[in-house]
Amino acid sequence: MNNEEDNKEMKNLLKQVIAPAKDTELPRDLWPQMLRRLNEQPAAVVGVPWFDWALAAILGAVLILFPGSIPALLYHL
Amino acid sequence: MELLERFAAGDLGAFEELFRQHQKEVYAWTVRIVRDRGIAEDLTVETFWRIYKSRSRFDPAGNFCSWARRIATNAALDHLRHSRHETQLPEDLTATAGGDPAVCSERRRQIKQAFSDLPAKYRLVATLALIEEESYNNIAEAAGISVALVKVRVFRAVRMLRKKLSSLGVEVNAK
C-alpha cells in the first residue's frame, strides 16, 4: 500500500471521530487580556539565555581551578 | 512611518493596531490545532506577547501574517507538548453528529486516545494535514520546516496511529 492510500484511509477513519474545526470565529476582542499581559510582564526586562549562564559558570570554574590561566585570559582579551 | 516600522520601533499604538487586525486569524489558526476555544484564546494572547517581545527582530519589509502564524504554531506546539497527557480532544470539536453511526463509542474513544497520544510534533502535522486538510506547503511554512519533513511526519504519524490502533484491535481500513 502506498503512502497516499495509507493517508487516505487514516483520514477517513479520523474524520469519523474528529471533525474539522468549524466554529473558528473569535468570540470576543482579546485586546483587554493582551493589555493586562503587557502590564504584568514588562517586555523591557531582558532575559539572559541559560547557555550564557552555563558559559559564565564554566569560565568561573576554570579560573578558580586554574588561576594560572588568568594572565593568559587577560592577554587574549 | 509605516505601521510595521512603527511596531518594530516599539510603538504600542502600532502593536494594538496589528493585534486588532490579526487576532481573528491567529485565533482561527490556533483553534484548529489545539481544538479548544478557551486554550486558543490564551494562546492567541501568548502569541502576540511573543510577537511583542521579538518586535526588534522583525523586519518591517517582511510578511507580518506569516511571521505571526509561525509564532502561533510554535505556541500551539509548546502547549501540545506540555499538555499531552493531560488533555483529551474536547467533545464539542469532535465528530459526533456527522460521523459514521456504525463507529461505536468505544472505538471512537480508542481512536481519539491514540490520536491524543501522538507526540506533539506529529499530532500538529496530523491534525492540520489529515483532519483540517491544510496543504503541505502551508503547514511547512507555519511550522518553519520543509515540505519534505511535513510529509515524513505525516507518514510517521499515520504509521504510529496504525500500530497503536492495531494493538487495540481497531481495523483502520474500515469504510
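A:Asn7 touches chain B: leaving aside its neighbours within four places in sequence, this residue is in contact (heavy atoms within 4.5 Å) with B:Leu130, B:Tyr136, B:Val154 and B:Val158. A:Asn7 sits in helix α1 (residues 3-17) of chain A, where helices are DSSP runs of H or I with at least four residues, strands are runs of E with at least two, and both are numbered from the N terminus. A:Asn7 counts as buried because its relative accessibility is 9%; buried means under 20% relative accessible area, exposed over 50%, and partly exposed in between, with a 1.4 Å probe and protein chains only.

This is a predicted model, in which local features need pLDDT of at least 70, side-chain atom pairs count only at pLDDT 80 or more, and totals for chains, interfaces and linings use all residues. Residues are numbered from 1 along each chain as its sequence is written, chains are lettered from A and ligands numbered from 1 in the order in which they are written, and side-chain values use heavy atoms, with hydrogens and water left out.

**Chain B as a whole**
- Chain B has 8 helices and 0 strands, giving the pattern α-α-α-α-α-α-α-α along the sequence.
- Of the 175 residues in chain B, 51% are buried.
- Among contacts in chain B with a separation of 6 or more, 66% join residues 24 or more positions apart.
- Chain B exposes about 8300 Å², with 48% supplied by carbon and sulfur atoms; accessible areas come from the Shrake-Rupley method with a 1.4 Å probe, and for residues only the protein chains shown count as cover.

**Helix α3 of chain B**
- Helix α3 (residues 37-53) of chain B has 17 residues and spans 24 Å from first C-alpha to last, close to the expected 24 Å, which is 1.5 Å times one less than the number of residues.
- Its buried residues include B:Leu43, B:Phe48, B:Trp49 and B:Tyr52.
- The buried residues of α3(B) pack against α2 (31-40) of chain A, together with α1 (3-8), α2 (12-34) and α4 (64-83) of chain B.

**A nonpolar patch on chain A**
- A:Leu59, A:Ile70, A:Leu73, A:Leu74 and A:Leu77 form a nonpolar surface patch with about 490 Å² of accessible area together.
- Helix α4 (residues 69-76) of chain A gives the most to this patch, with 3 residues.
- A:Ile70 is in helix α4 of chain A, and A:Ile70 counts as partly exposed because its relative accessibility is 34%.

Notes
Patches are made of residues with over 30% relative accessible area and no salt bridge: like charges are joined within 9 Å, nonpolar side chains (Val, Leu, Ile, Met, Phe, Trp, Tyr) within 5 Å. A salt bridge is a side-chain nitrogen of Lys or Arg within 4 Å of a carboxyl oxygen of Asp or Glu.
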